[in-house]
Amino acid sequence: MKAWDAIVIGGGHNGLVNACYLQRAGLDVLVVEKNDWVGGAATSRELTPGFLYSNCSYVCSLFRPEIMRDLELPRFGLQVISYEGGAVFTRGGDYLANYRDHDAHRREFARFSRRDAEAYYRYSRDVTRQCRFIQPLLMRTAPDPTSFRPRDLGELLYLGKKFAGLSAEEMALTLRFWTMSISDFLDEYFETDVIKANFALSGIIGTALGPMSPGTAYVLLHHYMGEVDGSVGAWGYARGGMGAVTRALAASFQASGGTIRTGAEVDQVLVQRGKAKGIVLADGEEIYGKLVVSNADVKRTFLKLVEEKELPDIFLRRVKNFKIRGSSGKVNIALDSLPEFPALPKDSPVYRGDMHFTDSMERMERAYDDWKTGRWSADPFLDMVIPTTLDPTMAPPGKHFMSCFVQYAPPKVNGRDWTDADRDGFAESVISQIADYSPGFRDRIVHMEVRTPREIEAEVGLTEGNIFQGELTFDQLLFNRPVPGYAQYRSPVGGLYICGSSTHPGGGVMGAPGRNAAAEILRDLAKPNQHMSPAHDVI
Amino acid sequence: MNRQLKIKPSTARTTAQSHFRTLRLGTPFQPRIEALARTNDWYNWAGYRAPHSLWDEELEYFAIRSQAALFDVSPMTKYRIEGKDAEAFLNRVTLRDVTKLKAGRVHYTAWCDDEGFVLDDGTLFRLSPTRFRLCSQERHLPWLLDSAIGFDVTVEEETEAVAGLALQGPTSFAVLRDAGFSGVERLKIFDLADFPHDGSTVTISRTGFTGDLGYELFVPAAQALSLWDRLMAAGEPRGIRAIGYTALNRARLEAGLIVANADFVTSEHAIRADRLRMPDEIGLGFMIDLEKGHLNGRRAILEARAKRKLRHVLVGLEIEGNIPAEHAIVYHRKSQEVGLVSAAMWSPMAKRNIAIASLARPFGDTMVDDLWVEIYALRELQYQKLMKRAKLVPRPFIKLDRRTANPPADF
């Protein structure tokens, strides 16, 4: 019976990136995906005629340009369009906008505080400096500090040198950045609540922490590290929805000879004498492979697909304790016309950016309080975009697709599973918040897809619906991601690798984990890796 | 919960929302400048629409040196600093000794962050014993407000409220006198005085950015246009012309003056830590008054001086030939890279090829011989690579007696 050179479990963006690189390096690769479509959390499905959604992830910035180029994704249809800033609506009927134009940005902030408008320079200088420190680490395997292999020592030295290259003040800031709360961090620069709330949202997105929880400052940094064609920190829309990313990856993979099987749910990884030999599908079919790569998160991979007896118990305990808490949901809405926001001038570029309604740190923290008590936020935090203002391919002319990322949503409601009634209540909290700022909003709704952690886990397979496959807190980063000693994409089972966002450098549609894992696999196979470009220089 | 809160009707703040429709503001002089703009060659100066040139960038330069040139400096950042402790506050913030700056005088100064790196340079006007105006390229409100803690002083930005004009050139005094500003002849270099204008007051100082005889005029924005008209009318027989920044930039280079974020990177904008500069590294060390007590950055500056941690030096260069060496790399012995030219031109007044460069010490400091610049001159889609000898020369590159002559010459 055929044994594939490699079987990749899960056709999410990292699984596909990994599969593409392995296939291009000459391996015969099979991707198995439980759904009838590929994409994982980067999908675009037409759930109502004429409207294409970005069902889970909805904006693009972190996806590494080196990968787009290596895998020829533009040739397979990938196009990313920068969007135009955004705004936080305030309860007083005003808003605070973020404009791309430097001077407009300052004048806008000066409407609320002249001081804070200018404090933004120091803030953005400091954040940029930290991003420049971390960015080169994204495309490298994290060193193992307990190892004395020359490569690990070399990588540790690289990290050490980079750190030593910082000034004393920057070093202090780095350590603070990786440990402090986004609220405390912003207090060092700004005085105005709405301005702080505007920046804080990047610190809590996808994270089961509030803005006042230590560790959230790093999450903000994680969202600033991306770029759109060299414009660092910019965010854009993938034309055709985020599914365009994985559609292009799948096409690239197939064009290089790779095979994808959809509708094939993996039940188990076959392990013989401590080594992975293949997979067993839910229907009992066995598929053999010389190695197996899992794009599933670390909990799903090792607690569901591998038998416990195959794993060392410290490893097992650490995987069980890995923080991967569900904290967010998603409401995708098809609209028969562009919603109006009386607070926002009709010609405002904000319609083409991201919109929020949480105008104070207090409200943001209170929304988190609800999560802690096992409820969805009564006054949720929304990250709302209308991609069809820039992308005509996602809805019929004049009609619009609106994506609402919603936080917080607990993995269980009051300790029990989500019910359909809960889901409807969750959706209502979102719609009613939008309708408060946009009269007549409800009448524009043509169709709606509501996704609580229950739906995200069931469909995408993300444990608890955690979008990052594990919290981005410092204890779970670099050589501690997912667990110490196994941060280099390998596992205790020979021939079983992990390549999802549970691994370094973490979540977001970045592709770096999939790429880095491919580099490690090819290294183990002693295969040349000519199709992978080094990371772009940070100069 | 937000649901109970009704969206209220618009307030004063919401009326300011419309700024997004005008990304480049006009200054109070915009109607006049717009009318004279033949080249339509605009650039963005701190969010304002400002002219690179108005009619001919080369001839505009000669207007500065031969007649009188009128240049709109309104976008310059201006802070009003007032209070019992204003002097003590500014003494703490800026490098020079402000107690030596008498009311009615102006000095050129700079200020540093706590690490001793230059935040900006600018001019400090002492309008009265307790009132100052600080003018600069960049914005510093958070720094000034934070530094003001513990002082009885108010700091307010007045960039929009106060319009500014530079009137520079040999006939500038005559223009002002003919415009009826009697007593202006008494202003010596760096003096300032108030004069009545259009029911208000204009503050005129004998200062400027050209190394020439010249004045700067500050007036409430509402009186800006009448001041412009008054000067243009009086200056017509004296050849007054409005000019853009390109011409002014040439004049300032001849005068050996530096521009923040052109000749050095200000510390709030420097992303790369090695781009930061202490005053000694950009030719502003002379300003530092160590006798006056504590000033922001003092400890760091003293330590850098003691431990010889000053890594750079800003110098004036004279380069052989006549091809401007803008942004050329400076070499020692034609091989070792030692610095970069930040501004360069053929000087019509000095008839020399001049430049301002930043060098890595000891070059430019104790090692001053055998310096070269590599000029890439693009000529009809081909680079002509020239290796030219560079000689350290003092700044300013030109010294004009008429700048400081008393009484000012009447051309």
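**Strand pairing, backbone geometry and domains**

In chain A, β11(A) pairs with strand β12 (residues 275-281) in the antiparallel sense, over six bridges. The model is predicted.

**Sheet in chain A**

- The strands β1-β13-β12-β11 of chain A, in that order, form an open sheet of four strands with mixed pairing.
- The edges of this sheet are β1 (3-4) and β11 (266-272) of chain A, each of which pairs on one side only.
- Within the antiparallel pairing of β11(A) and β12 of chain A, Gln268(A) stands opposite Val280(A) in β12(A).

**Cis peptide bonds**

- In chain A, Gln407(A) and Tyr408(A) are joined by a cis peptide bond, with omega about 10°.
- Tyr408(A) is located in the loop between β18 (400-407) and α14 (420-437) of chain A.
- In chain B, the peptide bond from Arg395(B) to Pro396(B) is cis, and its omega is near -5°.
- Pro396(B) belongs to the loop between β19 (383-393) and α10 (401-404) of chain B.

- Asp229(A) is not a glycine, yet its phi is positive, at about 50°.
- The loop between β7 (227-228) and β8 (231-232) of chain A holds Asp229(A).
- Is Asp229(A) buried or exposed? Asp229(A) counts as exposed because it has 10 C-beta neighbours inside 10 Å, and the cut-off for exposed is 12 or fewer.
- Gln469(A), also not a glycine, has a positive phi of about 55°.
- Gln469(A) is found in the loop between α16 (453-460) and β20 (496-498) of chain A.
- Gln469(A) counts as buried because it has 32 C-beta neighbours inside 10 Å, where the cut-off for buried is 20 or more.

**Domains of chain B**

- The domain assignment of chain B gives domain 1 as 22-76 + 161-254, domain 2 as 77-157 and domain 3 as 311-396.
- Between the C-alpha centres of domain 2 of chain B and domain 3 of chain B, the distance is 34 Å.

Note on methods. Residues numbered from 1 in each chain as written. Chains lettered and ligands numbered in written order. Predicted model: local features only at pLDDT ≥ 70, side-chain atom pairs only at ≥ 80, totals over all residues. Helix = DSSP H or I, 4+ residues; strand = E, 2+ residues; numbered from the N terminus. Pairing = 2+ DSSP bridges. Domains from an automatic or database assignment.
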